[in-house]
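Let's take a walk through a protein model together. Have a look at the picture first, and then we will go through it piece by piece.

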Amino acid sequence: MLEGILIGLSAAFSLQNLLMVVAGCLIGTFIGMLPGLGPMSIIAIMIPVAISLGDPAAALILLAGVYYGAIFGGSTSSILLNAPGVAGTVATSFDGYPMARKGQAGKALTIAAVASFAGGTIGAVLLMIFAPALSTVALLFHSAEYFALMVVGLSAIAAFAGTGQVAKALMMTILGLILATVGEGALFNMPRFTLGLMDLQSGISFITLAMAMFALPEAMFLVLNPQRGASAGSDSNKITNLRFSREEGRAIAPVIARQSVQGFFIGVLPGAGATIASFLGYAVERNIAKGEEQAEFGHGSVKGLAAPETANNAACTGSFVPLLTLGIPGSGTTAILLGALIALNVTPGPRLMTDTPEIFWAVIISMFIGNLVLLVLNLPLIPYIAKILAIPRNYLIPFILFFTLMGAYIGQNNATELLILVGLGVMATIFRFADYPLAPLLIGFILGTMLEDNFARSMQLYRGLDFIVERPMTLGLLVLAVLLVLLPSYRARRARKRAQGVADGD
Amino acid sequence: MALDRWIALIFVTFCCAYGYLAFFTMDQLLPPFMQRNPVWPSTFPKVLAVLGALTGLVVLLGLEKPEAGKGPSATDINLARLHEYKIGQALLLLGLMVLYALSLRAAGFLLATTVFLVAGSAILGERKWHVMLPVAMLATGCVWYLVQQVLGIYLRPLPYFMGT
């Protein structure tokens, strides 16, 4: 391994490759800030540039830099505008946006940068150590386990939505799953629930739904209630407090440590990726936090911000494991990377490490450099990025609305998508008024297709529902999911019983 | 009945309609060879329709008790204060978005976007036209340049009668 690291160091520290890392991170951060352009589209756009470099190591380094940069850039728009442009940063907005509204935008961005850095770096260390061994573990997960894992993820999100809210959160999750069935599924090749409309043939796009669920209602609320924006605006004019205090540092350190490891291992599983890692990370941290800290989640908790930020960066690193060791892309983004590699005449797979070790190790070393560059580039930029919030609302709101529309439009190049966006946005605003959580809806939608595909595949493999009993891991995970949903209401009932008991005097 | 239970009622109705489509209309079109599969295109929607109706009923009937002593809303958005809010502005902005969606193709990106940004600020009460107009035009130009020239995603810049 040491020899490999040395090869990687010498390859990654060439002037060209260092430039690639810096350029990749910068491009990724700036384009990632625009809602609607996720890492997948940015990498797709950068592929021609990367291929024209001709050197596979440099190309992969550039694309990896873009990938990290885009994830970080996505977090900034989640934190500042509540407009997550990337599925992986949706969880970031849960606590990042409340922090920004409290006038702590600078601190939130700093925490996000530090957490991303730590997650990415620890992930890269784990990648170095575990890449060869993990490839075998990932193969143990079959479609039945993926199905069960996603069910656990969905019920965990609903279960952690809060007391008295579980049924509502479940309802939203199911609505998300239902929306995901619209359009032509990959497995069946027939349009479903399109109501005869051509525009629904390809389904509802993720970006449109994300914009409609988060950015649009937020903009509407800013319009409805001018005080809501005013308080945030006046506070964020003085972005003096960029640093987090020592206590806060101490609070988020264990979170970062746990989430880098957990996020990395979730990222290794093909199909799971940064999105699930960030949501699960958030849910886990929320569940193990105690009393007051738990109540703070969703209202600007530093832990709630650090957890998904760490987890999604660690998972991005983790998702390189199946790509580099098995040649199986675990996510859409790594699938595009795989395409780029093949175009450069490199075949990722078990032989990559033995045939072209310089590529394998150069990529890993460049991950360290990329994370460092991101931190160094972004920390000084934070005061300027956070200034976005100081723009007068009369200008800010039309621009938020415009970027929301743009995000939905450039993905599909279809004006009907904009009407769908407005319609869903109105629906989401009403949901918000009725105190329904919207995140479960979006998560249900993201996971819906994967959930159904894996369910159908296991049904076909086992000719029925037998896979539930025949695969112990699947059964275990499904039981866990049911427990997660039932536990909050059981706890609440016990608490009520106890309260009644006290009143009766026993 | 509170708004959240009205929504639950609508959701249950929606699930029934969705379930009707899944249970009674989808399978007729299925080719015979696919009928031998253990899983049909309608299988997952059927499960969802049933689960959705059940959870909707739980909310509708109020089976899950909310936590006592908790305020009506954790966020500062509150339906009870709706009459204090600027609903007119919000509706106008929504209308403007729809108008933008409908006119984007015909009027071209540059014109539609500039008008959208200026009109949006105007609806919110901004009257400094000498600031609004240059800002909107500059932003429109920058975004158009970035999206079309740098990223290579086609946006028709000019109205339809002035070429593509």
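Start with a pair of helices in chain B: the axes of α3(B) and α4(B) come within 9 Å and cross at roughly 170°. Here axes are lines fitted to C-alpha atoms, for helices over the stretch in contact, with angles from 0 to 180 degrees between N-to-C directions. Helices (H or I, at least four residues) and strands (E, at least two) are DSSP runs numbered from the N terminus. The two helices α3(B) and α4(B) are therefore roughly antiparallel to each other; angles over 145 degrees count as roughly antiparallel, under 35 as roughly parallel, 65 to 115 as roughly perpendicular and the rest as oblique.

Which residues make the contact? On α3(B) they include B:L92, B:L96 and B:Y100, and on α4(B) they include B:F109, B:F116 and B:I123. Two residues are in contact if their C-beta atoms, placed from the backbone, lie within 7 Å. By class, this contact has twelve nonpolar, three polar and no charged residues. Ala, Val, Leu, Ile, Met, Phe, Trp, Tyr, Cys and Pro count as nonpolar, Asp, Glu, Lys and Arg as charged, and the others, Gly among them, as polar.

A word on the model itself: it is predicted, so local features need pLDDT of at least 70 and side-chain atom pairs count only at pLDDT 80 or more, while totals for chains, interfaces and linings use all residues. Residues are numbered from 1 along each chain as its sequence is written, and chains are lettered from A and ligands numbered from 1 in the order in which they are written.

Now step back to the whole of chain B. Chain B has five helices and zero strands.

The contact takes 55 residues from chain B and 54 from chain A. On the side of chain B that touches chain A, α3(B) gives the most, with eleven residues. By class, that side has 37 nonpolar, ten polar and eight charged residues.
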